[in-house]
Amino acid sequence: MTSGQIKKKVSAASARAHTRANRARSSSFPAMIAPIAVALTVGLMGWAYQALKPPPPKICGSADGPPVTSPRIKLSDGRHLAYREAGVPKEEAKYKILVIHGFDSSKDMNLPAPQELIEELKIYFLFFDRAGYGDSDPNPARSVKSEAYDVQELADKLQIGSKFYVIGISMGAYPVYSCLKYIPHRLAGASLVVPFVHYWWPCLPANLSSEAFDRLLAQDQWSFRVAHYTPWLFYWWMTQKWFPSLSIVAGNMAIFSQSDLEILKKWSEAPIVGQEKIRQQGVHESLDRDIMVSYGKWEFDPMDLVNPFPDNEGSVHIWQGYEDRIIPFQVNRYLSEKLPWIHYHEVPDAGHLLIFESKNCEAVLRALLHR
């Protein structure tokens with residue numbers, strides 16, 4: 001055999017070996033990819049699960065929760081509601097008013113009602129932490145409807161009478177709408193101050209809701225869309241870092257009017273007592289759930305409401321700041337026009353914090369109590 005023939009045989013053998021090696025590598029490639037793909041899928045699912053699932057609340061009085069520092073009543077479903085009483089003693093009161101706080105607030109809010117007015121009219125105030133806020137237990141089944149029955153049961157447990165007044169501030173106004181729908185027979189009067197607006201209420205003309213919605217900051221528009229259309233994503237939306245979420249939580253001061261900024265400056269000089277307790281049981285059970293419930297699907301529309309005071313034995317009021325950059329006055333003005341039994345008050349130089357000016361707070365009280 002010549003050297004050339006030997007070289008050819010060696011070369012052919014080498015080629016066959018190389019081909020077999022390539023085939024072996026090719027056949028092992030899918031086997032290598034499969035476990036990698038499974039690992040990536042499992043990892044992605046685990047990440048998604050953690051990203052979408054909120055942490056459990058730290059319930060007041062539990063082993064890993066904050067202590068209970070407020071008087072509370074126990075509801076029929078086992079939850080507790082924390083409350084604070086102010087004004088004259090309820091046994092001496094002529095008027096009993098239940099005040100419903102707004103978003104990221106609590107029963108410890110400072111309502112600047114003049115002391116002389118309180119004593120003159122003998123007003124008793126009952127403030128309470130809504131579910132998940134402050135010292136009140138979270139309510140995983142919380143809904144627009146449940147808010148009204150929390151109000152009713154609190155009033156009954158504290159024996160404030162068969163009828164009482166309600167004032168709902170900002171986000172705290174949707175529980176007032178609930179009271180007007182589900183427990184109107186318990187109301188002596190109601191005030192909705194700079195009330196929450198649901199941009200998907202069927203009663204709103206498309207052009208009105210669209211124009212009002214477009215006035216919001218883009219980050220707020222997206223936050224409300226997520227809460228309305230995909231509430232199961234809302235915890236992730238509020239905790240992700242890629243896009244800006246709700247402006248009021250992020251501390252964006254552009255949402256406040258000049259009069260609001262002046263009030264906020266006063267608050268910074270004398271911080272509100274109990275401010276640190278607002279979110280203590282978890283941001284998701286207080287702030288997130290408030291947004292999810294309010295912007296979710298309602299069981300009724302405001303236009304379904306009926307005047308609870310056909311004989312003028314009480315009254316319902318909406319108070320709106322013309323300079324409010326959080327709640328569009330156009331929507332609340334429209335609602336009051338379509339529901340003429342609601343008395344509409346538009347304050348020209350006021351913003352969203354309207355009621356925290358003493359003169360406005362007094363006006364709200366006097367109108368509600370017909371005094």
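Predicted model: local features only at pLDDT ≥ 70, side-chain atom pairs only at ≥ 80, totals over all residues.

Residues are numbered from 1 along each chain as its sequence is written, and side-chain values use heavy atoms, with hydrogens and water left out.

Entry on salt bridges. I counted as a salt bridge a side-chain nitrogen of Lys or Arg within 4 Å of a carboxyl oxygen of Asp or Glu, and the structure holds 18 of them. I looked up Asp 77 and found it paired with Arg 79, with 2.8 Å between the closest N and O atoms. Asp 77 is partly exposed at 49% relative accessibility, whereas Arg 79 is buried at 9%.

I then turned to Arg 279 and Asp 104, whose side chains meet in a salt bridge of 2.7 Å, N to O. Arg 279 lies in the loop between α9 (258-269) and α10 (283-294) and Asp 104 in the loop between β3 (95-100) and α2 (115-121), so this pair ties together parts that are 175 residues apart in sequence. For these element names, helices (H or I, at least four residues) and strands (E, at least two) are DSSP runs numbered from the N terminus. Arg 279 is partly exposed at 34%, and Asp 104 is also partly exposed, at 22%.

The next pair was Asp 129 and Lys 107, whose closest N and O atoms are 3.1 Å apart. Both Asp 129 and Lys 107 are buried, and they belong to a network of salt bridges that links Arg 84, Lys 107, Asp 108 and Asp 129.

Entry on the nonpolar core. I took a core to be a set of buried Ala, Val, Leu, Ile, Met, Phe, Trp, Tyr and Cys residues joined through side-chain atoms within 4.5 Å. The largest has 106 residues, and Ile 97, Phe 125 and Ile 355 have the most contacts inside it. With contact meaning heavy atoms within 4.5 Å, and leaving out residues up to four places away in sequence, I found that Ile 97 touches residues including Ile 123, Phe 125, Tyr 165 and Leu 369.

Last, I checked Leu 154 in helix α3, which is buried at 0% relative accessibility. Leu 154 and Phe 128 are 26 residues apart in sequence and 8.7 Å apart in space, C-alpha to C-alpha.

Key. Buried < 20%, exposed > 50% of the residue type's maximum accessible area, 1.4 Å probe, protein only.
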